[in-house]
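Please examine the sequence and the structure shown here before reading on.

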Amino acid sequence: MTMTMSNPASASPYLPRVATVAEACKFTPKEAWFRFEFADGQGIQYAAGQFMEVSVFGVGEAPISICSAPGKRGDLEMCIRAVGDVTNALHTLQVGQTVGLRGAFGNGFDMDKVAGKDLLFVAGGLGLAPCRSFILDALNHREKFRNVTILYGARTPADLLFTKDLEAWAQRKDSTFLMTVDRGDENWKGNTGVITTLFRKMPKVDPANTAAFIIGPPIMFKFAVLEALAMGLRKTSIYCSLERRMKCGLGKCGHCQIRNVYVCQEGPIFNYAEVMRLREGI
Amino acid sequence: MTIFHAERQVVLDLLGKPRDAVTFVPSPPDPQHHQPVFASACGQPTLDALIQPRPPQSARACFQPPSESLGRYGGGEGPPQAQAPPTVLVGLRACDLRALELLDRVLLGEPYQDEGYRSRRQAATLISCDCVDCSEACFCTSVAGQPFPQSAFDVNLTPLNGGFLLEPASDKGRQWLGDVSLEEASPEQIRQRDSQRNEMTLRVQKQNAAFPSALTAEKPPALPEGDDPAWQRQAGACVECGACTNICPSCYCFYLYDQLLDESGRFERVRTWDSCLLSTYHRMAGTPALKPTPRPKLGGRLANRVLHKFVYSPEQVGLLGCVGCGRCTEACLGGLDVRQVLREVSA
């Protein structure tokens with residue numbers, strides 16, 4: 001349903017701001033990309049790793065990572081997998097229809113904290129969505145970092161997301177991009193195997209001076225972290241993004257609590273030392 | 001701080017005095033718990049509740065209602081939450097005041113001061129009272145509490161020899177007393193109050209002798225991790241009704257949902273209490289292999305509730321999440337007693 005509505009940015013943070021679907025693209029049968037523009041003309045400031053509460057009017061609200069390059073802007077992008085009530089409803093939206101957005105929430109990550117280091121991005125499946133925000137930030141400010149390596153793994157060639165970005169990253173001379181699929185098809189000429197196999201194919205990094213961003217399903221995270229640790233990376237230099245059911249985004253409603261942490265406040269970006277302490281985090 | 005003495009009738013008159021504020025008093029306990037305990041004082045107020053054990057419900061609902069609108073959208077309306085009307089809450093106990101301190105730290109803490117809560121909190125005058133009787137479930141003395149308020153009230157009442165001692169502690173409190181003429185309490189009356197308080201403290205301590213005690217935010221109980229089988233054994237009695245979280249004065253978790261107001265597509269965003277014991281609380285969309293819903297087992301959720309109260313809450317906000325009121329023990333349909341749970345899982 002399309003509605004004309006507005007509400008001031010100064011209203012309660014529990015109330016959504018109205019945004020319009022400016023562009024949409026179906027990447028796979030289950031995953032679609034959206035670009036939302038705020039109807040009130042007052043943009044948004046966000047950092048890599050932050051998330052929004054997305055409302056489909058009359059259906060519900062769900063927390064979803066931002067996948068576009070951070071900064072202050074009038075729009076934002078998300079890649080959304082249809083898995084529940086809200087996300088399935090999102091997949092039926094057409095360009096011009098409206099959603100509600102609250103945020104940005106979460107700690108996010110300031111890439112300046114890792115300026116001067118080698119960067120290693122490891123994205124598995126839909127984990128590429130939040131990871132893309134970090135990658136674009138790093139590539140947009142390429143001069144701030146030393147070697148940049150991007151590893152991406154998907155189940156099959158048909159599951160690859162952001163294929164235009166993947167091509168662009170593969171073309172770049174100032175960074176390394178490797179991808180793999182668990183199972184290829186007759187046309188697939190690239191790497192096959194789980195994502196950890198890429199660790200042996202990538203250029204050497206300086207482990208004491210590398211920050212890794214490992215974002216993907218729990219099983220992939222566990223094994224990718226083992227590889228990163230085996231390479232000599234410090235636990236505090238390995239970052240990941242935790243998923244929880246953030247309901248309010250404001251550290252009050254309790255739904256995203258893990259031990260003494262509200263993920264919507266102190267996360268969702270944690271380093272591996274913190275994740276280990278949280279135990280049930282992954 | 002000056003402490004005054006007043007006869008019973010003077011306090012009754014104070015409760016019944018016409019004011020701009022609505023006065024809420026505990027209504028006489030109803031064994032069925034079917035009526036709201038903090039009800040608007042209409043007709044002739046009674047002081048019975050002030051000399052009985054703490055009411056079976058707390059005043060939490062007066063600050064964080066079980067369900068409330070957070071605003072409408074779709075039609076350009078502003079936030080609906082105008083300043084809350086002034087209220088006077090009578091009969092809060094020391095445990096209730098401690099619970100409010102915790103709610104303050106969470107709901108008024110960074111990064112956002114919850115507007116509705118702040119407004120109701122500011123508009124409320126808190127008239128607390130000493131406990132001169134206790135429930136078998138009471139255990140405030142085990143969690144660094146006392147059965148008499150020492151701070152955070154506007155006026156505290158101490159039932160004493162058929163009359164009351166009154167201790168105003170704020171401008172709001174003095175305003176509530178108004179121009180009523182009161183005599184200063186005598187040193188003897190203060191001594192009697194102190195000895196009455198000591199007796200009550202000893203009585204609560206004595207009834208909890210068999211359970212863990214001396215628990216503080218700095219020294220919480222040593223409890224096993226949430227996946228320990230001890231929790232699963234305790235959860236055998238839990239029927240997952242959420243009564244303990246609903247009755248708890250210091251539980252604050254809530255859920256948000258939208259309600260369609262009319263055909264034109266205007267919505268109201270509603271907040272309701274939620275319970276971390278319910279299986280739907282943490283549920284996430286997606287297959288279990290991809291996105292594990294945390295704490296899928298009831299034992300894990302029960303563990304999380306207890307651990308949050310006694311271990312995580314001190315780490316998060318510097319306060320124990322449990323004030324020892326024992327209301328959850330009375331409310332539990334499965335007969336779980338939090339003191340016993342603490343004792344058995346620590347064993």
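In strand β11 of chain B, Arg271(B) is the bridge partner of Glu68(B). Strands, like helices, are DSSP runs numbered from the N terminus, a strand being E over at least two residues and a helix H or I over at least four. The model is a predicted one, in which local features need pLDDT of at least 70 and side-chain atom pairs count only at pLDDT 80 or more, while totals for chains, interfaces and linings use all residues. Residues are numbered from 1 along each chain as its sequence is written, chains are lettered from A and ligands numbered from 1 in the order in which they are written, and side-chain values use heavy atoms, with hydrogens and water left out.

The strands β4(B) and β11(B), the latter covering residues 267–273, run antiparallel and are joined by six bridges; two strands count as paired if DSSP finds at least two bridges between them. β11(B) also pairs with β10(B), again in the antiparallel sense, over seven bridges. Here Phe254(B) has Trp273(B) as its bridge partner in β11(B). β10(B) and β11(B) form a hairpin with six residues between them, and in the turn Gly265(B) has a positive phi of about 90 degrees.

Together, these strands make an open sheet of three in the order β4-β11-β10 of chain B, with antiparallel pairing. The edge strands, each pairing on one side only, are β4 (67–73) and β10 (254–260) of chain B. From one strand to the next, the twist averages 25 degrees. In a regular strand, side chains alternate between the two faces of the sheet.

How many disulfides does the structure hold over all chains? There are zero, a disulfide being a pair of cysteine sulfur atoms within 2.5 Å. The sulfur of Cys251(B) is 3.7 Å from the closest cysteine sulfur, in Cys248(B), and is therefore too far for a bond. Cys251(B) is buried, with a relative accessible area of 11%; buried means under 20%, exposed over 50% and partly exposed in between, for a 1.4 Å probe and protein chains only.

In chain A, the axes of helix α2 (residues 128–140) and helix α3 (residues 163–171) come within 13 Å and cross at roughly 40 degrees. Such axes are lines fitted to C-alpha atoms, for helices over the stretch in contact, with angles from 0 to 180 degrees between N-to-C directions. The contact, meaning heavy atoms within 4.5 Å, involves residues including Leu128(A) and Ile135(A) of α2(A) and Trp169(A) of α3(A).
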